[in-house]
Amino acid sequence: MSLLERRKEDIERHLAKYPQKQSAVMPLLYIAQEEYGYITEEAMEEIASIVDTDVTQVRGIVGFYTMYYSQEKGKYLIQICTDLPCALRGAEAFSAKVCEALGIQPGETTDDGLFTVENVMCIGACDRAPVIQVNFKFYENMDMDSFNDLIEALRREHDAMQPYSHE
Ligand code: FES
């Protein structure tokens with residue numbers, strides 16, 4: 001099913017906002033990312049065709065802006081703010097511990113495909129650092145105990161969604 005078939009209403013709503021269709025590229029890329037978890041080559045081609053532009057232009061936008069992902073991420077995207085105000089409250093050390101606990105480096109995904117960690121700039125909760133977002137939901141005043149509890153809960157949530165196995 002194409003992006004247009006999946007999200008027709010949203011796409012049309014954005015297209016209606018702009019006198020020139022090309023101006024809707026960025027919101028349409030967001031829709032693709034929401035839908036697939038990252039921006040696939042097929043989605044870029046489809047968006048180029050929807051807004052009547054060259055796919056190279058669309059690829060250029062995806063490559064330029066860090067908020068767009070052209071590679072698959074883990075099921076849970078953990079974004080840790082390590083911007084200066086949070087760094088002053090220990091966010092960098094916290095990020096290092098998180099990565100160590102998951103056995104990955106920032107930007108990497110765990111082998112089971114569940115968790116990706118990213119260090120990000122200010123997410124607007126500077127006085128509650130260390131602060132993270134998991135799939136854009138905020139968790140504030142984190143420490144390793146609360147982080148480990150959260151990881152456990154997310155693993156349980158993931159396991160509960162798996163189909164029942166007869167083996
Ligand atoms: S600097 Fe980290 S949330 Fe603002």
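Select asparagine 135 to begin: the residue sits in the loop between β3 (132-134) and β4 (137-139). The model is a predicted one, in which local features need pLDDT of at least 70 and side-chain atom pairs count only at pLDDT 80 or more, while totals for chains, interfaces and linings use all residues. Residue numbers start from 1 along each chain as its sequence is written.

Stay on asparagine 135 and check its backbone: phi is positive, about 45°, although the residue is not a glycine. Is asparagine 135 buried, exposed or partly exposed? It counts as partly exposed because it has 13 C-beta neighbours inside 10 Å. The cut-offs are 20 or more other C-beta atoms within 10 Å for buried, 12 or fewer for exposed, and partly exposed in between, with C-beta atoms placed from the backbone.

Contact means that the C-beta atoms of two residues, placed from the backbone, lie within 7 Å. Then pick glycine 74, which is 61 residues from asparagine 135 along the chain, with 10.0 Å between the two C-alpha atoms.

Move on to phenylalanine 136, in the loop between β3 and β4. Phi is positive for phenylalanine 136 too, near 70°, and this residue is also other than glycine. Phenylalanine 136 has 9 C-beta neighbours inside 10 Å and therefore counts as exposed.

The peptide bond joining alanine 129 and proline 130 is cis, with omega about -5°.

Now select leucine 102, in helix α7 (residues 91-102). With 20 C-beta neighbours inside 10 Å, leucine 102 counts as buried. Which residues is leucine 102 in contact with, leaving aside neighbours within four places in sequence? They are Thr110, Phe115 and Val117. Asparagine 148 is 46 residues from leucine 102 along the chain, and their C-alpha atoms are separated by 9.8 Å.

For a helix pair, select α2 (residues 8-17) and α3 (residues 25-36): their axes come within 9 Å and cross at roughly 165°. That angle makes α2 roughly antiparallel to α3, a term for angles over 145 degrees. Axes are lines fitted to C-alpha atoms, for helices over the stretch in contact, and angles run from 0 to 180 degrees between N-to-C directions. Show Asp10, Ile11 and His14 of α2 with Pro27, Leu28 and Ile31 of α3, the residues that make the contact. By class they divide into four nonpolar, one polar and one charged. Ala, Val, Leu, Ile, Met, Phe, Trp, Tyr, Cys and Pro count as nonpolar, Asp, Glu, Lys and Arg as charged, and the others, Gly among them, as polar.

Finally, zoom out to the whole protein chain. It has eight helices and four strands, in the order α-α-α-α-α-β-α-α-β-β-β-α along the sequence. Colour domain 1 (3-64) and domain 2 (76-160) separately; these bounds come from an automatic or database domain assignment. The C-alpha centres of the two domains lie 29 Å apart. The C-alpha atoms of the chain fill a box of roughly 50 × 50 × 25 Å along the principal axes. Of its 167 residues, 23% count as buried.

Terms used. Helix = DSSP H or I, 4+ residues; strand = E, 2+ residues; numbered from the N terminus. Parallel < 35°, antiparallel > 145°, perpendicular 65-115°, else oblique.
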